[in-house]
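Have the sequence and the model open side by side.

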Amino acid sequence: YAIDAVTCRKLWSHQHDAQGPEMNATNKGIALAGGRVIRGSQDGFLYALDAKTGEPLWVRQVADWSIGEGIGAAPTVWNDLVYVAKAGGDWGIKGRMMAFNVADGTLAWSFDLIPTGSETGADTWNPAASADHGGGAAWTAYALDRETGTLFIPVGNPGPDYHSEMRKGANLFTISTVAIDARTGKLKWWYQLRPNDDHDWDNTTVTLFDDGGRKLVAT
């Protein structure tokens with residue numbers, strides 16, 4: 001809904017008709033940028049509406065509802081890019097952070113939150129095939145340091161949730177804070193709070209702050 005802030009008159013409304021199951025029936029909100037209202041849906045769509053009329057400007061399917069993927073977080077927008085990640089870690093998805101162009105919703109870059117092959121951290125999944133259903137959703141809010149162009153991602157639980165013996169190793173990048181270059185999607189650094197978790201614990205919050213000139217991140 002769009003509501004006139006002075007008169008409380010409804011200006012327009014938009015209804016998303018789900019194409020498949022909405023596995024995680026929550027939505028953390030929207031982003032506003034360039035005259036657009038941008039949000040994701042739990043059946044894996046990302047779309048932009050005209051902020052004045054509510055008419056769709058572009059619609060992209062960015063996650064696969066048929067395997068439990070969806071979008072739960074509010075997108076973050078910076079430098080003409082929309083940042084959003086896949087939700088659905090409890091259903092054994094492979095987490096991924098993605099950046100899309102604000103203008104038309106085309107993919108700019110992506111970063112796998114469950115590494116495979118030659119990617120950094122792939123050797124923390126044993127057997128290697130366990131990464132195919134590794135979880136690692138990022139379903140809450142991200143943090144962005146505009147000065148350094150760094151995007152901080154809180155990553156959720158591994159999958160299957162409670163059976164760590166099926167995925168021996170640290171299971172990167174689950175339950176971690178991951179810092180990536182917001183312009184390119186390249187990995188900068190990470191910190192894992194709990195390796196090989198078997199509690200269904202998540203990392204859900206990252207906050208940036210300044211401490212006497214030191215730039216810090218709390219997670």
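In this predicted model, β11 and β12 pair in the antiparallel sense over three bridges. The two strands form a hairpin, with four residues between them. Look at Gly149 in the turn: its phi is positive, about 65°.

Now follow β12 to its other partner. Strand β12 covers residues 150–154, and strand β13 covers residues 176–181. These two pair in the antiparallel sense over five bridges. Thr150 stands opposite Asp181 in β13. Pro154 has Thr177 in β13 as its bridge partner.

What order do the strands of this sheet take? The sheet is open and has four strands, in the order β11-β12-β13-β14, with antiparallel pairing. β11 (143–145) and β14 (187–192) stand at the edges. Each has a single partner strand, so one side of each is left without a neighbour in the sheet. From one strand to the next, the twist averages 15°. Strands of a sheet pair through backbone hydrogen bonds, either parallel or antiparallel.

Is β12 enclosed or open to the outside? Five of the five residues of β12 are buried, so the strand is largely enclosed by the rest of the structure. In a regular strand the side chains alternate between the two faces of the sheet. In β12, Thr150, Phe152 and Pro154 point one way. Leu151 and Ile153 point the other way. Residues on both sides of β12 are buried.

Thr150 deserves a stop of its own. This residue is found in strand β12. Thr150 counts as buried because its relative accessibility is 5%, and the cut-off for buried is under 20%. Two polar contacts involve its side chain. One joins the side chains of Thr150 and Thr148 at 2.8 Å. Another joins the side chains of Thr150 and Lys188 at 2.7 Å.

Which residues surround Thr150, once its neighbours within four places in sequence are left aside? Thr150 is in contact with Ala143, Leu144 and Asp145, and also with Ala179, Ile180, Ala182 and Lys188. Ile71 gives a point of reference elsewhere in the chain. Thr150 and Ile71 are 79 residues apart along the chain, and their C-alpha atoms are separated by 21 Å.

Next, move along to Asp197. This residue is found in the loop between β14 and β15 (207–211). Is Asp197 buried or exposed? Asp197 is buried, with a relative accessible area of 0%.

What polar partners does its side chain have? The side chains of Asp197 and Arg194 are joined by a polar contact of 3.0 Å. A polar atom of the Asp197 side chain also lies 3.1 Å from the backbone nitrogen of Trp201. Leave aside the neighbours of Asp197 within four places in sequence, and Asp197 is in contact with Pro158, Asp161, Ser164, Arg167 and Ile175.

Turn to another part of the chain. An open sheet of four strands runs there in the order β7-β8-β9-β10, with antiparallel pairing. At its edges stand β7 (76–78) and β10 (107–112). Each has a single partner strand, so one side of each is left without a neighbour in the sheet. The twist averages 20° from one strand to the next.

Within this sheet, strand β8 (residues 81–85) pairs with strand β9 (residues 96–101). The pairing is antiparallel and runs over five bridges. Leu81 has Asn101 in β9 as its bridge partner.

Finally, step back to the whole chain. The chain has zero helices and 16 strands. Its C-alpha trace spans about 55 × 50 × 30 Å along its principal axes. Does the chain's radius of gyration agree or disagree with that of a compact globule? With 219 residues, such a globule would have a radius of gyration near 17 Å; the chain has 18 Å, which agrees.

Buried residues make up 48% of the 219 residues. Among contacts with a separation of 6 or more, 52% come from residues 24 or more positions apart. The chain exposes about 10600 Å², and carbon and sulfur atoms supply 51% of that area.

Technical notes:
Residues are numbered from 1 along each chain as its sequence is written. This is a predicted model: local features need pLDDT of at least 70, side-chain atom pairs count only at pLDDT 80 or more; totals for chains, interfaces and linings use all residues. Side-chain values use heavy atoms; hydrogens and water are left out. Two strands pair if DSSP finds at least two bridges between them. Axes are lines fitted to C-alpha atoms, for helices over the stretch in contact, and angles run from 0 to 180 degrees between N-to-C directions. Buried means under 20% relative accessible area, exposed over 50%, partly exposed in between (1.4 Å probe, protein chains only). A polar contact is a pair of N or O atoms within 3.5 Å; within protein, one must be able to donate a hydrogen and the other to accept it, and residues adjacent in sequence count only if both atoms are side-chain atoms. Contact means heavy atoms within 4.5 Å. The radius of gyration is taken over C-alpha atoms; the globule rule is 2.2 Å times the number of residues to the power 0.38. Accessible areas come from the Shrake-Rupley method with a 1.4 Å probe; for residues, only the protein chains shown count as cover.
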